[in-house]
Amino acid sequence: MKIKQGKNARATRPNIIVYIILGGIVSLYAKVFKKQQLHRSYTSIKPPFILIGNHSSFFDFIYAIRAFYPRRINFVVARKYFHLCGLRQIMKISHSIPKSLFQNDLSAIRAMFDILKQEGIVGIYPEGQIAAHGISIQNSEAIAKFVKKAGVPLVSILTGGGYFCNPPWTKLQRRGAVKSSISIALTAAQVENLGVNEISSVIKQNIFMNNFQWQRANNEKYSGKNLAQGLENLLYICPCCKNEFTISTKGDYVFCENCSASARFCEDGHLLWQNKNYFNHIGQWYLWQIEIENNNIMQSENFSVSEPVILAMLKLSGCGIEPVGQGVFTADKKNYTYKGTLHGENVTLTFSSALRAMPYDTGSNFQIYDKNLLYEFRPANPKFCVKIANICECLFNIAST
Ligand SMILES: [Zn+2]
């Protein structure tokens with residue numbers, strides 16, 4: 001295939017020699033250090049095909065590379081990572097496809113078709129972001145439309161245990177089993193015969209993962225230090241006294257600073273409460289917080305929450321994201337608004353509240369992609385990141401019903 005240059009340059013597959021070497025190292029890491037177990041329900045499948053997976057940890061990419069090694073995968077990755085020092089080079093070498101999250105990104109779609117035309121594998125995590133609470137989140141129908149249009153087989157990788165080894169809310173790793181099941185979700189003939197809605201259902205079924213149910217079925221344990229550390233940024237409403245932002249952690253314990261509620265995060269990934277049992281696991285706790293936010297929004301005619309933030313954007317030259325202003329971020333039923341400074345000027349930035357999801361890094365920042373620009377908001381209270389992401393989910397669901 002003739003490769004076009006410049007603006008019309010086509011996305012290409014990773015270099016075969018580079019992939020054999022680096023993919024080999026990554027695969028060895030997954031096998032030896034992560035002890036990943038593979039369960040394959042088919043004997044062989046040849047590219048081109050689309051690979052989908054559940055997204056429970058940053059290591060999901062590594063688990064997929066090992067599962068298909070030495071076949072080369074072009075992963076679709078959040079555009080943000082193409083601008084971060086260090087990661088930028090990895091994205092380039094791996095020929096990953098940049099995507100503006102939760103936006104209609106035509107350049108990403110074009111690149112995905114390019115790879116399939118070159119008989120490659122396009123790897124997608126349809127949830128768009130890691131499910132921080134351990135239970136798969138809703139995904140957009142856009143992936144189903146892409147699968148239908150591409151007309152190639154759909155293969156799935158469902159990984160359990162990765163969430164407990166590398167929870168997205170902490171940098172501390174744990175030791176334990178990781179198991180990946182790989183199967184053909186749809187053949188090309190089935191894609192041809194099914195409608196977009198049916199394909200969408202198949203995608204949801206094939207990559208749905210409730211890590212807590214998975215743990216109960218597999219009875220795996222995950223050992224490490226300070227098992228609860230980081231949960232204070234994910235769990236922000238106390239189930240006992242209902243206070244906000246009073247949850248703290250110490251060692252293996254998560255507790256409320258305002259009342260006596262306290263639970264131990266055990267090696268089986270579940271919670272053991274000291275007195276009254278509120279939730280079996282943090283997934284239940286997290287979903288309950290969304291319910292609370294939803295009720296607050298529904299019951300308040302003039303719903304509005306605000307938080308002081310630092311606004312950061314991609315550097316105009318070089319890599320990285322730098323602060324460009326500070327102000328106040330507000331969410332109401334119609335819009336998200338940033339009022340403050342931007343490169344020394346006073347501005348008001350308005351984003352529709354019909355946003356499907358607000359990606360966030362627990363305890364650090366939340367992001368909005370708009371017209372291929374990335375706005376990263378760093379709240380004064382780092383616990384606000386999860387709260388605003390939950391509010392965003394509620395507002396989207398309310399607007400969709
Ligand atoms: Zn409390």
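The legends below describe close-up views of a predicted model. Local features need pLDDT of at least 70 and side-chain atom pairs count only at pLDDT 80 or more, while totals for chains, interfaces and linings use all residues. Residues are numbered from 1 along each chain as its sequence is written.

**View 1. An open, mixed sheet of seven strands.** The strand order is β1-β7-β6-β2-β5-β3-β4, where strands (E, at least two residues) and helices (H or I, at least four) are DSSP runs numbered from the N terminus, and two strands pair if DSSP finds at least two bridges between them. At the edges, β1 (36-40) and β4 (97-99) each pair on one side only.

**View 2. The pairing of β1 with β7.** Strand β7 (residues 178-186) runs parallel to β1 and is joined to β1 by five bridges; within this pairing, Gln37 stands opposite Lys179 of β7.

**View 3. Helix α2 on the sheet.** Helix α2 (residues 60-68) lies across β1, β2 (49-53), β3 (73-78), β5 (121-124), β6 (154-160) and β7, and runs at about 125° to β6. Contact requires C-beta atoms, placed from the backbone, within 7 Å; axes are lines fitted to C-alpha atoms, for helices over the stretch in contact, with angles from 0 to 180 degrees between N-to-C directions.

**View 4. Surroundings of Leu235.** Leaving aside residues up to four places away in sequence, Leu235 touches Ile247, Val254, Ile282, Trp285 and Tyr286.

Note on methods:
Two residues are in contact if their C-beta atoms, placed from the backbone, lie within 7 Å.
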